[in-house]
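User: Please take a close look at one part of this model. Say what surrounds it, then how the rest is built.

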Amino acid sequence: FSTLRNMFRKSWSSAERLEGRTVLITGANSGIGKETAIDLAQRGAKVIMACRDMDRAQTAVKDVIERSGSQNIVCMKLDLADSQSIREFAEAVNQGEPRLDILINNAGVMVCPYGKTADGFEMQMGVNHLGHFLLTHLLLDLIKRSAPARIITVSSMAHAWSSIDLDDINSEKSYDKRRAYSQSKLANVLFTRSLAQRLEGTGVTTYSLHPGVVQTDLWRHLSGPEQFLMRFAKPFSKNSVQGAQTTIYCAVEPSLEKESGGYYSDCAPASCSAAAKNDDLAQKLWELSCQLLSLTWE
């Protein structure tokens, strides 16, 4: 239905400028992360591209500079599957940057075979949720000092396909790659909701979003039959530029200044699952995340 809706919906665009602002995007070396970097750089922002693979990142940086016409691009190494890397990265940002206006938690892994992060977390939960949870925590003081500021987390409509198993968050009892993926994406929506409540009155607002069914290299772990189905879905899916639009909307749309904690799709507020609106589940997930990462979040 959303595809049909898109065909008739006026596409969103904005002339909003971001001179003097700093934007940090995780997973910015490909797909919608890279397109987001290009757009926000064109608007005059300083863009920090946080990437795991520095070889691929250097190629991406050249592309972003060329296509945006901006030289104000920095690339830094960040591996969200390793808390040590996250801490080193955050320390470098906190020491080197006077401000951080927009944090975009974009990086993600999707339906991958079972694996664990350096800290022993199931890979999808570890990268998609816990890595970004820790990163946001470590950068929050800088973000607050830069208010009005925004924190955007890229989720997925897949958040509605599962709940969260708080007793087996790392899928150690049994592993279903799709369920683990949707659990991590539900965690993104719940994190945004909880964060909004904690940041009330600070001038920092938060948003989560579904980018659409986007043709990116995240599809690489799909099985043969799934790849086949995706080929059929291709005419109805988005390319990376279209897929980046809701992230950009959440980053720059002036009317969202007073909104916080919501979920968006196709550059508009969208409805999320019942589990994604469950404040009790959100609170329990928050406490468990702090416990797993040995954090005290004041």
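Analyst: **One residue and its surroundings**

From its side chain, D101 reaches the backbone nitrogen of T22 at 2.7 Å. The model is predicted: local features need pLDDT of at least 70, side-chain atom pairs count only at pLDDT 80 or more, and totals for chains, interfaces and linings use all residues. Residues are numbered from 1 along each chain as its sequence is written, and side-chain values use heavy atoms, with hydrogens and water left out.

Where does D101 lie? It sits in the loop between α4 (83-96) and β4 (102-105). Helices (H or I, at least four residues) and strands (E, at least two) are DSSP runs, numbered from the N terminus. D101 is buried, at a relative accessible area of 3%. Buried means under 20% relative accessible area, exposed over 50%, and partly exposed in between (1.4 Å probe, protein chains only).

Which residues touch D101? With neighbours within four places in sequence left out, D101 is in contact with G20, R21, T22, S146, A149 and R150. Contact here means heavy atoms within 4.5 Å.

A147 and P148 are joined by a cis peptide bond, with omega about 5 degrees. P148 lies in the loop between α5 (123-145) and β5 (149-154). Most residues other than glycine have a negative phi, and most peptide bonds are trans.

Two residues have a phi worth noting. Phi of D266 is near 50 degrees, a positive value in a residue other than glycine. D266 is found in the loop between β7 (262-265) and β8, and it counts as buried at 8% relative accessibility. S294 is not a glycine either, yet its phi is positive, about 50 degrees. S294 comes in the segment after α9 and counts as exposed, at 66% relative accessibility.

Now a helix. α3 (residues 54-68) has 15 residues. It reaches 20 Å from its first C-alpha to its last, close to the 21 Å expected at 1.5 Å a residue. That expected span is 1.5 Å times one less than the number of residues.

A57, A60, V61, V64 and S68 are the buried residues of α3. Seen down the helix axis, they fall within an arc of 110 degrees, so they line one face of α3. The arc is taken from the directions from the axis to the C-beta atoms. These buried residues pack against α2 (31-42), β2 (46-51) and β3 (73-77). The face turned away from the buried side carries exposed D55, T59, K62 and E66.

Both ends of α3 have a feature. D53 caps the N-terminal end, with a side-chain oxygen 3.0 Å from the backbone nitrogen of D55. G69 follows α3, and its phi is positive, near 75 degrees.

Next comes α6. It covers residues 177-198, which makes 22 residues, and spans 31 Å from first C-alpha to last, close to the expected 32 Å. α6 is mostly covered: 16 of its 22 residues are buried. At its start, a side-chain oxygen of D176 reaches to within 2.9 Å of the backbone nitrogen of R178.

A275 sits in the loop between β8 (268-269) and α9 (279-292). Beyond neighbours within four places in sequence, A275 is in contact with S163, L186, L190 and L281. A275 and A187 are 88 residues apart along the chain, with 9.9 Å between their C-alpha atoms.

What of the cysteines? A search of the whole structure finds 0 disulfides, a disulfide being a pair of cysteine sulfur atoms within 2.5 Å. For C51, the nearest cysteine sulfur is that of C75, 4.3 Å away. C51 is buried, at a relative accessible area of 1%. C272 also counts as buried, at 16% relative accessibility.

Finally, the whole protein. It has 9 helices and 8 strands. Buried residues make up 55% of its 298 residues. Among contacts between residues at least 6 apart in sequence, 77% join residues at least 24 apart.

How values were computed
A polar contact is a pair of N or O atoms within 3.5 Å; within protein, one must be able to donate a hydrogen and the other to accept it, and residues adjacent in sequence count only if both atoms are side-chain atoms.
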